[in-house]
Amino acid sequence: MILNRRTFSAALVASAATSLASTRGLATTSAPVTARNVVLVHGLFADGSSWSEVIARLQAAGLNVTSVQNPLTTLPDAVASARRVLARQDGPTVFAGHSFSGMIVTEAGVHPNVSALVYVAARAPDAGEDYTTLAKRFPAPPASAGIVFDGDEGRLSEAAFLRDFAGDLPEAKAKILYAAQWPFHKALLAGKTTHAAWRSKPSFYAVSTEDRTINPDLERFMAKRMGAKTIELESSHLSLISHPNEITQLILQAAGQGT
């Protein structure tokens, strides 16, 4: 068959698109490496104990689990803290992050010990991407209006925490979490990733459909863009607490131990 210039150009574009799609999907279509280690990172308005419900279940499944205490100061500080924990692991490791710590998973997830990534209602920027600009493509979530600052330290007001962050938890439990809220520094939000680990590692994403802290459609966009194996939970932003069984199963899948 003889191709004219227009036909040839169309064929070339189609071929390039197919090649790009194949490259992007390479990390997610391969089966995860079996891992016995899991490293968890928390996001804003929380600390490492926010993973407690999931930790207990992963330990019961025989996995070695570490929950990083994110300093919430700057992105480089947070990434360095996670890298130190990743370096201590003795083999393939699932690296999971909630909320803001998706930035840390995206940046530090290129570590050679990391075998798979799990994002729980989490940020997932591309390398060098301005997450704030990306988020503005979607309606602002209600929790944004509830952030209050004391100088350079930010936190959620009690009303916003209970309604927009932990909305599907019993009020008594949500108030305990509010009392333990760890403030973040303004400088943390200015950080940009220089790597996008999800472009080279198998990725998994849990969307919270009732999220009032990150727009659920933004979560869906990021999950689709990375080609992640995705689940959707009828949950607030804190699905790791309100739906620990489902989050645990997703992590086990990433560890090559689930279906």
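1. Helix H5, which covers residues 131-135, supplies the largest share of the lining of the largest pocket, namely three residues. The model under review is a predicted one, and the pocket in question has a volume of about 490 Å³. Of the 21 residues that line this pocket, Arg 123, Tyr 131, Pro 141, Ser 144 and Thr 213 are the closest to its centre. Sorted by class, the lining consists of 14 nonpolar, five polar and two charged residues.

2. Strand E8, residues 203-208, deserves a careful look, because six of its six residues are buried and the strand is therefore largely enclosed by the rest of the structure. In a regular strand the side chains alternate between the two faces of the sheet. Both faces of E8 are covered, with Ser 203, Tyr 205 and Val 207 buried on one side and Phe 204, Ala 206 and Ser 208 buried on the other.

3. The partners of E8 can be followed residue by residue. Strand E4, residues 114-120, runs parallel to E8 and is joined to it by four bridges, and Tyr 119 stands opposite Tyr 205 in E8. Strand E9, residues 229-233, also pairs with E8 in the parallel sense, over five bridges, and here Ala 206 stands opposite Ile 231 in E9.

4. Leaving aside neighbours within four places in sequence, Trp 51 is in contact with residues including Leu 40, Val 41, Ala 96, Val 120, Leu 240, Ile 247 and Ile 251.

Methods
Residues numbered from 1 in each chain as written. Predicted model: local features only at pLDDT ≥ 70, side-chain atom pairs only at ≥ 80, totals over all residues. Heavy atoms only, no water. Contact = heavy atoms within 4.5 Å. 1 Å grid on protein atoms, 1.4 Å probe; cavity = no way out; pocket = protein on both sides within 12 Å on 5 of 7 lines; lining within 4 Å. Points joined across faces, edges and corners; volume = space filled by probe spheres on them. Helix = DSSP H or I, 4+ residues; strand = E, 2+ residues; numbered from the N terminus. Nonpolar A, V, L, I, M, F, W, Y, C, P; charged D, E, K, R; others polar. Buried < 20%, exposed > 50% of the residue type's maximum accessible area, 1.4 Å probe, protein only. Pairing = 2+ DSSP bridges.
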